[in-house]
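Trainee: Hey, I'm new to this one. Could you walk me through it?

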Amino acid sequence: MRSVHVPVAIIMLTLGAQAVAAASPPPALSYDAIFADDVNGRSPSQLAWSPDGRTLTWVDDDGLWSLDPMAGASGTAGKPQQILRRADLESEIAAYQWSPRGDSLLLESGGDLYLLALPGQALRRLTETAAVEKDPKFSPDGTRIAFVRGFNLYLLDLASGSERALTEDGKENEIVNGVPDWLYWEEIWHRNPTGYWWSPDGRSIAYCRFDEHDVPAHAIVDDGVRIPRVGWQKYPKPGDTNPQVRVGVLDLGSGRTTWMATGDSDGYLARVAWTPDGGALAIQSMNRSQSRLDLLRCAVVDGRCGTLVTESSPTWVDVVDDARFLPDGRFLWTSDHSGWRQLFLYGPDGKLIRLVSPDGWVVASLERVPEAGEKEPWVLFTGYRRDGSVLSAIDRQVVRVPLLGGTAEVLTPEPGSHSALVAPHTGHWAHLWSTADVPDHAEVRLAAGGGASKVVPLPVVPLPYIAPAKYDPAALPRSEFITIPGPGGALLPARLIKPVPFDPGRRYPVIMFQYGGPASQTVTNRWDRGRRTLFHKRMAQLGFAVLTVDGQNTVFFGQDGENLDFLHMGEANLAAQLAAVDYLKQQPWADTKNIGLWGWSGGGFTTLYCLLHRPGVWKAGVAGAPVTDWRLYDSVYTERFLRLPKDNEAGYRESSPITYADRLKDHLLIVHGLADDNVHTQNSVQMIDRLVHAGRPVEEAFYPGEKHGMRPPSIRHFFERMEEYWTRTLGDNLK
C-alpha cells in the first residue's frame, strides 16, 4: 500500500517560524499553476551511467541527452549532447538502458522496443506488435535481448532480428512467466517489474513462474461505456490461496528448465540473484506469516538449496533489498535484528565477517558496492544518523565507508534528502538532493583519489534542472520541523506549515495530514514533486495551518516502534494524532474547535479509525481510498501485521473502521477511484453502506477510471473539492 530544479547553485533556506508579513502577501498559488504540466519546470528523469562510467544520460521533455562530465575545462562539465529528439519516436521514452558494451541504447516506447546505435545514433525498430513488450534486458555480451510479451518470455537475436518464445504456457490470470503478478509486484517486490535474470555467462535465464489458477478474482467494473466492461484481477485477501511461485533456470541451448527446490509452497520467494560464479541462485524465501526469512543458495545443476542466512522475529521480518554479492563470493546483507537497519558483510559460506555500516547509522539503501580489483574497496549508502534526536531521521545523507573497516565519510552533511547514482569503474556519482522547501537539485561529483570531494555541476544549458516555471518556491509558506510530546514521554516528529501572513494574535483552523504504520514516514525534509505539498502550501496561504505528525509505529522509532501494530492496527496512529491535538491546544494561535484530519490509502484508514474512536476531537475528516475492513485488503500486507483471520478474529474486527461506523459524529468525506486495484472501491462502498444503516451522514466522491493514485483532471477536482470542504467545515474564523 504504498514518483527527482533552480540552476545548480546550492541554496540553503533556514527552517523557522513564519514571521508576520510586512507587506501584502502575494495571491495564493493557483490550481492552474499547481496542475500545469510543467509545474515543476523541465526536469530530467531516468538518469543512467554508461558501462565505462564516463557518460551520464537522461530523458527530458525534448528527448534523450548525454553528458561527459570530464569533457570541459577543469572544474566544469562538458556541454550536454542531444542524442535523440522526442519527435523521432511516436511516443515518449518509457524506459531505456545501456548495452553492456556501451555502443547502443535499448529504448521502450509505445509498447515497442528500439535500438539506438552510438555514436552514429541510428535508430532501429526491433518490435512492432499490438502486444506490449515489457522489461527488456540485454544479454551479458549485448548480442541478444530478452523480454516479456503476453505473460511469456521471449528472446530476440540482434544480428538476425529473429525472435523465439522461451515459455509458452503464459495466460492472463492463470500462468505468469518472467514478470511478477499483482500481489508480488505490489507487496513483495515493491513495484519492481522484473521477474527474470540473465546468468553471468549469458547461457541461461532464471525466471519466476506464477500459477494463479486458485487465486480468487476480484471484479473491476468500467461504467464509462454503454455496456459496462468487467475486468478480473487475481487478488488474494487474508487467508485466501496465494499464487504458487517457482523459480527455474532455463538453459537457452537445450530449452530445459531446472526448478529450484525452495520448499514451503505456501510461502514467498522474495528476491532472486545469480552468484558471481554463475553456479547458483541466491533466493530469499519467506514463510507465509513473514516471521522467518532465509537466504538460500540453490545449485543451478540440480536445484538443491542450502541456507546461508536466516532472519527471524516473533512479529515479522522485512525482505532485504540490499543483498549484493561481491566478485569473490562474499555478500553484503542488511538486517534490523538490532532494532535498526544495519549493513553486514558475510563470507561465501554464510558466516558473518563484520558490521560495515558505522555505529549509530541507519541504512536506508545501498548505492554502491566494491568492484573487482579495488585496492581499497568502499561502499556507498544513504541513511541517517541516530544522534539522540528523533528529527535526525527527516534527512537522508550519502555516506562512504571502507568495506573492511576505517573512518566513514559523510559526503553530504547539509540538511535535506540526498541520493547518489554511482558510475561503474570511475566512481563518479550523480548527486540529487532537496529539502522540504527547496526543489530538487542535481550535480555530478567526480571521484578524486578514491574520494568524492570534487564537484562538477550539471550544466545550465540546456537546463536539465531549472527553477519551477509556475511558482517561486522561496515565496511559498515554509516548513518548521518540531517535536511534540507523545505517549510515554516520547517525542514525536512533526512538520508544521503556518498560515501566511501569520498573526500570533489570531486563531487559525488546522488541517492535519497523516499516513502512519510500519515502514512509513510522512515527516521528511524532502521536496514532494507531487501536488499534495503545493496544495498544503496553498491552504496555508488561505489561512489554514497544516500539521503532519508521525507516530511511534513509523520509521523514526525502529523495529520496536513498528511492532506496536502487531496483531492490532490503528491504536498507535490514534495516539500520535491525539498527541498532535494536545499540542495544538497549547498553541494560542490554533483554533482547536476547527481541526480537520485527512489522509490517503493507509492515511484514509487512519482518518476513519481516529474519527470513530474519538468522535468530537476533530470536526471533519477526509478519507481517501481507505481500507475500511482488513478482511478486504491483500493477503501479504495484512497478514504481515494481523496474521490469518482465523487466528486473530478480534484483531481484525477491532482494527477495522467499519466495525465502529455507528460512532461517527463528525463531518466525513470519503473519496475513491472506481478502478482502484490496490484498495478496492468495495472498502468505501461497504463503509458507506454501514454508515447509511447507522443513520450517519457522509459525503462521497467517486472518480471513474481512477486507480489508487489519481491523475489529472481527477486529482485537481478532488483538491478543489477538498478546499471547499475544509472551508465549509473548518472556516468559521477565516478572514
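**Salt bridges and buried rings**

Mentor: Let's start with Arg271, which counts as buried at 15% relative accessibility. Buried means under 20% relative accessible area, exposed over 50% and partly exposed in between, using a 1.4 Å probe and protein chains only. This is a predicted model, where local features need pLDDT of at least 70 and side-chain atom pairs count only at pLDDT 80 or more, while totals for chains, interfaces and linings use all residues. Residues are numbered from 1 along each chain as its sequence is written, and side-chain values use heavy atoms, leaving out hydrogens and water.

Trainee: Which residue forms a salt bridge with Arg271?

Mentor: Asp321 does, with the closest N and O atoms 2.4 Å apart. A salt bridge here is a side-chain nitrogen of Lys or Arg within 4 Å of a carboxyl oxygen of Asp or Glu.

Trainee: Where do Asp321 and Arg271 lie?

Mentor: Asp321 is in the loop between S23 and S24 and Arg271 is in strand S20 (residues 268-274), so their pair ties together parts that are 50 residues apart in sequence. The S and H labels are DSSP runs numbered from the N terminus: strands (E) have at least two residues, helices (H or I) at least four. Asp321 itself is partly exposed, at 45% relative accessibility.

Trainee: What else is in that loop?

Mentor: Ser313 is found there, between strand S23 (305-312) and strand S24 (324-325). At 19% relative accessibility, Ser313 counts as buried. Its C-alpha atom is 9.2 Å from that of Leu293, though Ser313 and Leu293 are 20 residues apart along the chain.

Trainee: OK, back to salt bridges. How many does the count come to?

Mentor: The count is 36. Take Arg297 and Asp277, whose side chains meet at 3.7 Å, N to O. Arg297 sits in strand S22 (residues 292-299) and Asp277 in the loop between S20 and strand S21 (280-286), so this pair ties together parts that are 20 residues apart in sequence. Arg297 is partly exposed at 34%, whereas Asp277 is exposed at 57%.

Trainee: How far apart are Arg716 and Glu720 in helix H10?

Mentor: They are 4 residues apart, which puts about one helical turn between them. Arg716 and Glu720 form a salt bridge too, with the closest N and O atoms 3.2 Å apart. Arg716 is partly exposed at 24%, and Glu720 is partly exposed at 33%. Elsewhere, salt bridges that share partners join Glu90, Asp112, Arg125 and Glu128 into one network.

Trainee: Switching to rings: how many aromatic pairs does the count come to?

Mentor: It comes to 30 aromatic pairs. Phe325 and Phe331 make a tilted one, 5.1 Å centre to centre with 40° between the planes. Both Phe325 and Phe331 are buried. In Phe502 and Trp589 the ring centres are 6.0 Å apart and the planes are at 80°, so that pair is edge-to-face. Phe502 is in the loop between strand S37 (491-497) and strand S38 (508-513), and Trp589 is in the loop between helix H5 (571-585) and strand S40 (590-600), so the pair ties together parts 87 residues apart in sequence.

Trainee: What makes a pair stacked, tilted or edge-to-face?

Mentor: Rings of Phe, Tyr and Trp (its six-membered ring) pair if their centres lie within 6.5 Å; planes under 30 degrees apart are stacked, over 60 edge-to-face, and the rest tilted.

Trainee: And are Phe502 and Trp589 buried or exposed?

Mentor: Phe502 is buried at 6% relative accessibility, and Trp589 is buried at 5%. The charged end of Lys498 also sits over the Phe502 ring, 4.7 Å from its centre. That call needs NZ of Lys or CZ of Arg within 6 Å of the ring centre and within 35 degrees of the ring normal.

Trainee: Which residues do ring pairs link into a cluster?

Mentor: Tyr31, Phe35, Phe513, Phe535, Trp598, Trp600, Phe718 and Phe719. Phe535 is also one of the buried residues of H3.

Trainee: How many residues of helix H3 are buried?

Mentor: 9 of the 10 residues in H3 (residues 532-541) are buried, so the helix is largely enclosed by the rest of the structure. Those buried residues pack against helix H1 (31-34), S37, S38, strand S39 (545-549), S40 and helix H10 (714-730), where contact means heavy atoms within 4.5 Å. After H3 comes Gly543, with a positive phi near 110°.
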